[in-house]
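Here are a few notes to read alongside the structure. Have it open and follow the points in order.

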Amino acid sequence: MSEFAIETDNLNVYYGKNHVIKNMNLKIPKNTVFAIMGPSGCGKSTLLRSFNRLLDLNKIARVQGSVKLFGEEIYSNNTDPIVIRKDVGMVFQYPNPFPHLTIYDNIAIGLKMNKLVKNKNEMDSRIEWALKKAGLWDEVKDRLKDYPSNLSGGQKQRLVIARAIAMKPKVILLDEPTANIDPVGSKKIEDLIFELKKDYTVVLVTHTPAQAARVSDYVAFIYMGELVETGKTGDIFTSPKSKMTEKYLMGELI
Ligand SMILES: Nc1ncnc2c1ncn2[C@@H]1O[C@H](COP(=O)(O)OP(=O)(O)OP(=O)(O)O)[C@@H](O)[C@H]1O
Ligand SMILES: [Mg+2]
């Protein structure tokens, strides 16, 4: 098996004629936090969506090139995108728990649909396990029948992370998970990201270099759909090779 969780080879993504990801070659090592950073509109979310074939659902999106998941091509004809999406979980830029489902059912629904648990006991214990992993159990254990609208932004985001973890994916994609969360809530999520890499590979899109510096092992800096620089977080932050990366880290490119 490959030492990389995700490997892209000459990956290109288009929305209609708009060429959004350009000849991207990335290697994301297993059991690390890999941060993707870059200015708004540079293609971070699009890149993330190419990692679990979510772009298949967008009629105007076109993907060329290769994405390998643990050495296996995910864009081959005999790959089932549903299986890929189970192995590669995604947490979106805005916390999106299902508003009409209880906290419990928000997690249960994916497990039911994918027939991942056999009975109520197993369901209960998997939900408890996922909420504990997401650092939310103590805050919600007495209100599992409550609705997510009564949770804070940070709690909603941790609920969505629990929903992703419950499926036992191999990779978790987090798209700016703290973008709309207060500092205390953000700190909890950053601590959680750090914990998650023990069991999973975490790909984190972030708009703040400081967050990448705090939680990631590797970073990639993207500008207008192109990979400018990638490497160990410490190396990139202390001695970026590219002037563009340096400018971005100094807050001069937004
Ligand atoms: N569904 C879509 N249809 C058409 N164009 C899109 C779609 N999604 C994104 N784009 C375009 O693709 C480019 C990259 O967008 P993307 O959302 O990947 O950037 P981003 O780096 O995640 O930005 P942000 O930091 O603001 O979230 C932008 O020019 C955007 O307008
Ligand atoms: Mg985005």
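1. Let's begin at the ligand. Of the 13 residues around ligand 1, the nearest are Tyr15, Ser40, Lys44, Ser45 and Thr46; a residue is near a molecule if its C-beta atom, placed from the backbone, lies within 6 Å of it. Two elements give two or more residues to this shell: strand E2 (18-29) and helix H1 (44-50). H1 gives the most, with 3 residues. Helices (H or I, at least four residues) and strands (E, at least two) are DSSP runs, numbered from the N terminus.

2. What is the shell around ligand 1 made of, by residue type? It divides into 4 nonpolar, 8 polar and 1 charged. Here Ala, Val, Leu, Ile, Met, Phe, Trp, Tyr, Cys and Pro count as nonpolar, Asp, Glu, Lys and Arg as charged, and the others, Gly among them, as polar.

3. A word on what you're looking at. This is a predicted model, where local features need pLDDT of at least 70 and side-chain atom pairs count only at pLDDT 80 or more, while totals for chains, interfaces and linings use all residues. Residues are numbered from 1 along each chain as its sequence is written, and chains are lettered from A and ligands numbered from 1 in the order in which they are written.

4. Now the six-stranded sheet. It is open, has mixed pairing, and runs in the order E6-E7-E8-E3-E9-E10; two strands pair if DSSP finds at least two bridges between them. Strand E6 (88-91) and strand E10 (226-232) are the edges, each pairing on one side only. From one strand to the next, the twist averages 15°. E6 runs parallel to strand E7 (residues 171-175), joined to it by 4 bridges, and valine 91 stands opposite leucine 174 in E7.

5. Helices pack on this sheet too. Helix H6 (residues 153-166) touches E6 and E7, and its direction makes about 170° with that of E6. Helix H7 (residues 183-196) lies across strand E3 (33-37), E7 and strand E8 (201-206), at about 150° to E8. Axes are lines fitted to C-alpha atoms, for helices over the stretch in contact, and angles run from 0 to 180 degrees between N-to-C directions.

6. Have a look at aspartate 175, which lies in strand E7. Is aspartate 175 buried or exposed? It counts as buried because it has 20 C-beta neighbours inside 10 Å; the cut-off for buried is 20 or more other C-beta atoms within 10 Å, with 12 or fewer meaning exposed and anything in between partly exposed, C-beta atoms being placed from the backbone. Leaving aside neighbours within four places in sequence, aspartate 175 is in contact with Ser45, Leu48, Val91, Phe92, Gln93 and Val205 (contact means C-beta atoms, placed from the backbone, within 7 Å). Ser45 is also one of the residues that come nearest to ligand 1.

7. There's another open sheet, of 4 strands, with antiparallel pairing and the order E2-E1-E4-E5. Its edge strands are E2 and strand E5 (72-73). Strand E4 (residues 61-69) and E5 are antiparallel, with 2 bridges between them, and lysine 68 has glutamate 73 as its bridge partner in E5.

8. Finally, helix H3 (residues 103-113) has Ile103, Asn106, Ile107 and Ala108 buried. Their cover includes helix H4 (120-133), helix H5 (137-140) and H6. Just after H3, lysine 115 takes a positive phi of about 50°.

Terms used. Contact = placed C-beta atoms within 7 Å.
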